[in-house]
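Please read it alongside the sequence and structure shown here.

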Amino acid sequence: MNIKALKAITIRPVAPEDAPLLFELMTSAKFLAKIGDRGIKSEADARQYILAKMHPDLNQKGFFVNHIIMDSETKAEIGTCSIHDREGINGVDIGYAILERYEGMGYATAAGQKMVELAFSTYGLSKVCAITNLDNLGSSKVLEKVGFSHVGNIEVPIADHPVKLYELSFDEFKNKL
């Protein structure tokens, strides 16, 4: 993988002030279809979601798992990316969601790469997973660009249907650099 070819992004922890961005992202038709309904119906709901669902990770896990993706040059807020320890997955999994107006510009690949680097370099993990809906071809392509391999389909409690499971070991990641 040619890391230099990736879109330049920075990430920062999600904050309650990000409620407008999360409201826009989490109520978009694509987010609802590809990721799912998180019950966000207003900016106030998004703020409460950040406080109740995203910020407790700092206390429970000792680090923020949810981040805002920003374009390094323009500082535009692009979407979110995360590392989760989900029930039903053997290991942590990464995730990302990009505002529709920024899709197809390389931000998802850069965010996936950034989460993998964080998992391996900062948290010292030996394996990272990712899941995506069976019909989410765009996300599958992104995961494969980042270096993940599709290892099968699984059922997880957060989805009411089977999802694709991808894995990437530290050794595979190191060898692709």
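In this predicted model, Ala108, Thr109, Gly112, Gln113 and Val116 of helix 5 meet Val142, Lys145 and Val146 of helix 6. By class, the contact of helix 5 with helix 6 comprises 4 nonpolar, 3 polar and 1 charged residues. The points below set out the geometry of this pair, a further helix pair, the nonpolar cores and several individual positions.

**Helix 5 and helix 6**

- Helix 5 spans residues 107-122 and helix 6 spans residues 137-146; the two pack at an angle of about 50°, with their axes 9 Å apart.
- The crossing in which helix 5 passes helix 6 is right-handed.

**Helix 1 and helix 3**

- The axes of helix 1 (residues 19-26) and helix 3 come within 8 Å of each other and cross at roughly 100°.
- Helix 1 contributes Ala19, Pro20, Leu22, Phe23 and Met26 to the contact, and helix 3 contributes Glu43, Ala46, Arg47, Tyr49, Ile50 and Met54.
- By class, the contact of helix 1 with helix 3 has 9 nonpolar, no polar and 2 charged residues.

**Nonpolar cores**

- In soluble globular proteins, nonpolar side chains tend to be buried together.
- The largest nonpolar core in this model has 45 residues, and those with the most contacts inside it are Ile94, Val116 and Phe148.
- Helix 5 supplies the largest share of this core, 9 residues.
- A second, separate core has 6 residues, including Cys129, Ile131, Val163 and Leu165.
- With residues up to four places away in sequence set aside, Ile94 touches Ser82, Ile83, Gly112, Met115, Val116, Val128, Cys129, Ala130, Leu143 and Phe148.
- Val116 and Phe148, which are named with Ile94 among the residues with the most contacts inside the largest core, are thus both touched by Ile94.

**Buried positions**

- Ala110 is found in helix 5.
- Ala110 is buried, because its relative accessible area of 5% is under 20%.
- Ala110 and Glu87 are 23 residues apart in sequence, and their C-alpha atoms are 26 Å apart in space.
- Gly36 lies in the loop between helix 2 (29-34) and helix 3 (43-54).
- Gly36 has a relative accessible area of 14% and is therefore buried.
- Gly36 and Lys7 are separated by 29 residues in sequence and by 26 Å in space, C-alpha to C-alpha.

**Exposed and partly exposed positions**

- Ser126 has its place in the loop between helix 5 and strand 5 (127-133).
- Ser126 counts as exposed, because its relative accessibility of 57% is over 50%.
- Apart from its neighbours within four places in sequence, Ser126 is in contact with Phe120, Ser169 and Phe170.
- Ser126 and Phe148 are 22 residues apart in sequence and 13 Å apart in space, C-alpha to C-alpha.
- Lys75 is found in the loop between strand 2 (66-71) and strand 3 (77-84).
- Lys75 is partly exposed, with a relative accessible area of 48%.
- The phi angle of Lys75 is near 70°, a positive value in a residue other than glycine.

Methods:
Residues are numbered from 1 along each chain as its sequence is written. This is a predicted model: local features need pLDDT of at least 70, side-chain atom pairs count only at pLDDT 80 or more; totals for chains, interfaces and linings use all residues. Side-chain values use heavy atoms; hydrogens and water are left out. Helices (H or I, at least four residues) and strands (E, at least two) are DSSP runs, numbered from the N terminus. Buried means under 20% relative accessible area, exposed over 50%, partly exposed in between (1.4 Å probe, protein chains only). Axes are lines fitted to C-alpha atoms, for helices over the stretch in contact, and angles run from 0 to 180 degrees between N-to-C directions. A crossing is left-handed if the near helix is turned anticlockwise from the far one by less than a right angle, and right-handed if clockwise. Contact means heavy atoms within 4.5 Å. Ala, Val, Leu, Ile, Met, Phe, Trp, Tyr, Cys and Pro count as nonpolar, Asp, Glu, Lys and Arg as charged, and the others, Gly among them, as polar. A nonpolar core is a set of buried Ala, Val, Leu, Ile, Met, Phe, Trp, Tyr and Cys residues joined through side-chain atoms within 4.5 Å.
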